[in-house]
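Visitor: I would like a tour of this model in which every label is tied to its cut-off. Please begin with the word we will need for neighbours.

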Amino acid sequence: MGAKICLCLTGKTLRRDLQVIEKYRKYIDLVELRVDCLDPVERFDLRPFPEQADLPVILTIRRKEDGGNWCGGESTRITLLAKGLAFAQTDRRRNFAYVDIEEDLSVPGIEEVARAFGTRIIRSFHNIRGTDSDLTAKIRGLCRFGDEIAKVAVMANTLSDVQRLWRAAKDLQNREKILISMGPLGAGTRILADRMGSSFTYTSAKDELGFPQAASGQIDPKELVECYHFRSLDGNKGKEEKERKGEKTAVLGITGYPLTATDSPKLHNAMYPRDSLDAVYLPFPAAAIGDFLSLADEIGLHGASVTVPHKEAILPHLAFASPEVKHIGACNTIVRRPDGWHGYNTDAEGFSSSLLAFIYGDETKMTEKQRAKRNLRGKKITVVGAGGAARAIVAEIHRLKGKALVLNRTPANANELATRYGFRWGCLDEFGAVRTATFNDIIIQTTPIGMEGDTGDPFPLYQFTGREIVYDIIYKPERTPFLRRAQEAGCKILNGYDMLVRQAIGQHRIFFDLPE
């Protein structure tokens, strides 16, 4: 078996920790008892815990400077470690399977006891502020004896930090280790733990009352198994057979920034078992497209979805651009080919098929002739925004014979996009609101304003009449402030989830050369 799933136990009581173990038992292989999270009165009752848990247990008392909760003295912490390992049983299942000891903690007596009764030592280093420059040297120098497992957990502030950890993993392929890039940028190091050569991947229970996340970026074990198919990645299941065939799980993902609200991994990963594909799709938040592409080369990424704000920035990096990408001027799908990245656009088809279904009804119940007759002729449409998504949408409005007004907070960008198709343009000001009143059959909102965590309204100056169809391509939250205001005025509203699904299906076909 490859990398194992470790659930970090951060409850205030041992009883609560045991309750959470039962809830997640089928998803996990071992647990880490975070003694630093326990109420002080609970800390002296930890010795029977391994037998109660009925799973291998890591004994950890994490200091605050290393990302934990321990604020007491070192002598008390050492006493607790010793108490946890005392009175060891000949049946090793009743003992702690591992003990986490930081690189700067010297406790030879505890280490001797641990070795005598089969408790493995995890020699750990944590940097909760950043990523050290020479990680290979750090990992090589971490362990004091050959039977120890080296653990390095460093905070990723950029994707370059994540890439450094991947390089260290390649340098140390045959060494027993646990490597983690903490924070949202490092999700791939947790999901692809087996490919990194990590013994474990650490997880936290999500939405459990009184059970805080143990470290930034940890994933819920159920999500890890059910969404990301962790048990079968790179042959965690059937590994030897795959190695003989030289097969590896195809890695894909989505890049954008900040990428805090995306359902794309859930959608894409659900399609792979259905089509018998050995693949996984991950989030790769990237402030700069160059950083993402560099990491993609490092890990051999097969393909990716490209979202805000990189749909235009990706263009110079393409070895091939589809006719749609050239026409629209934006790309949301890239696939690695022998000569480099090939770029495609599925936003356009995803948008138009979604909008036409909303206006005309379910296309699956129509004849080919009926579907062909659907268009936007006679519709006067306002498009809010002029970014990559707006480019695809405006191109489709033109193809479907609609008329559009493009509004943007930077008028020059609206002008550049609109004049390509002979459309009107303007700014998101009072005059723009007046002009929208004559282009209000459909209003389409394409900016990130109103996305989960943002309570803004991109066009507060426009007052809905209740006659408009209002389409916001954001899908998290389900109703943005913009959509809520439109609904309250009596408008028909549509969010971007259906478009997301449709464009994802198009991407899936492109990624794996599947027929329609």
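Guide: Contact here means heavy atoms within 4.5 Å. This is a predicted model, in which local features need pLDDT of at least 70 and side-chain atom pairs count only at pLDDT 80 or more, while totals for chains, interfaces and linings use all residues. Residues are numbered from 1 along each chain as its sequence is written, and side-chain values use heavy atoms, with hydrogens and water left out.

Visitor: Which residues does Thr-10 touch, then?

Guide: Leaving aside residues up to four places away in sequence, Thr-10 touches Asp-17, Arg-34, Cys-37, Gly-210, Phe-211, Pro-212 and Ala-214. Each of these has heavy atoms within the contact limit of Thr-10.

Visitor: What makes Thr-10 buried or exposed?

Guide: Buried means under 20% relative accessible area, exposed over 50%, and partly exposed in between, with a 1.4 Å probe and protein chains only. Thr-10 has 3%, so it counts as buried.

Visitor: What lies 2.6 Å from a polar atom of the Thr-10 side chain?

Guide: That is the backbone oxygen of Pro-212. A polar contact is a pair of N or O atoms within 3.5 Å; within protein, one must be able to donate a hydrogen and the other to accept it, and residues adjacent in sequence count only if both atoms are side-chain atoms. The distance of 2.6 Å is within that limit.

Visitor: Where is Thr-10 placed?

Guide: Thr-10 sits in the loop between β1 (4-9) and α1 (14-24). Helices (H or I, at least four residues) and strands (E, at least two) are DSSP runs, numbered from the N terminus. By that count the chain holds 20 helices and 20 strands.

Visitor: Why is β1 called largely enclosed?

Guide: Of its 6 residues, 5 are buried, so the rest of the structure largely encloses β1.

Visitor: How many bridges join β1 to β8?

Guide: There are 4, and the strands run parallel. Two strands pair if DSSP finds at least two bridges between them, so β1 and β8 (200-203) qualify. Leu-7 stands opposite Thr-203 in β8. With β2 (30-34), β1 also pairs in the parallel sense over 4 bridges, and Leu-9 stands opposite Leu-33.

Visitor: Which order do the strands of the 8-stranded open sheet follow?

Guide: The order is β7-β6-β5-β4-β3-β2-β1-β8, with parallel pairing. The edge strands are β7 (177-182) and β8; each has a single partner strand, so one side of each is left without a neighbour in the sheet. Neighbouring strands are turned by 25° against each other on average, direction ignored. Helix α4 packs on this sheet, touching β4 and β5, and its direction makes about 135° with that of β5. Here axes are lines fitted to C-alpha atoms, for helices over the stretch in contact, and angles run from 0 to 180 degrees between N-to-C directions.

Visitor: How do you know where the buried residues of α4 fall?

Guide: In α4 (108-116), Ile-110, Glu-111 and Ala-114 are buried. Seen down the axis, they fall within an arc of 100°, so they line one face of the helix; the arc is that of the directions from the helix axis to the C-beta atoms. Their cover includes α3 (74-85), β4 (98-102) and β5 (120-127). The face turned away carries the exposed residues Pro-108, Glu-112 and Ala-116.

Visitor: What order does the 6-stranded sheet have?

Guide: This open sheet runs β17-β16-β15-β18-β19-β20, with parallel pairing. At its edges stand β17 (424-427) and β20 (492-494), each with a single partner strand, so one side of each has no neighbour in the sheet.
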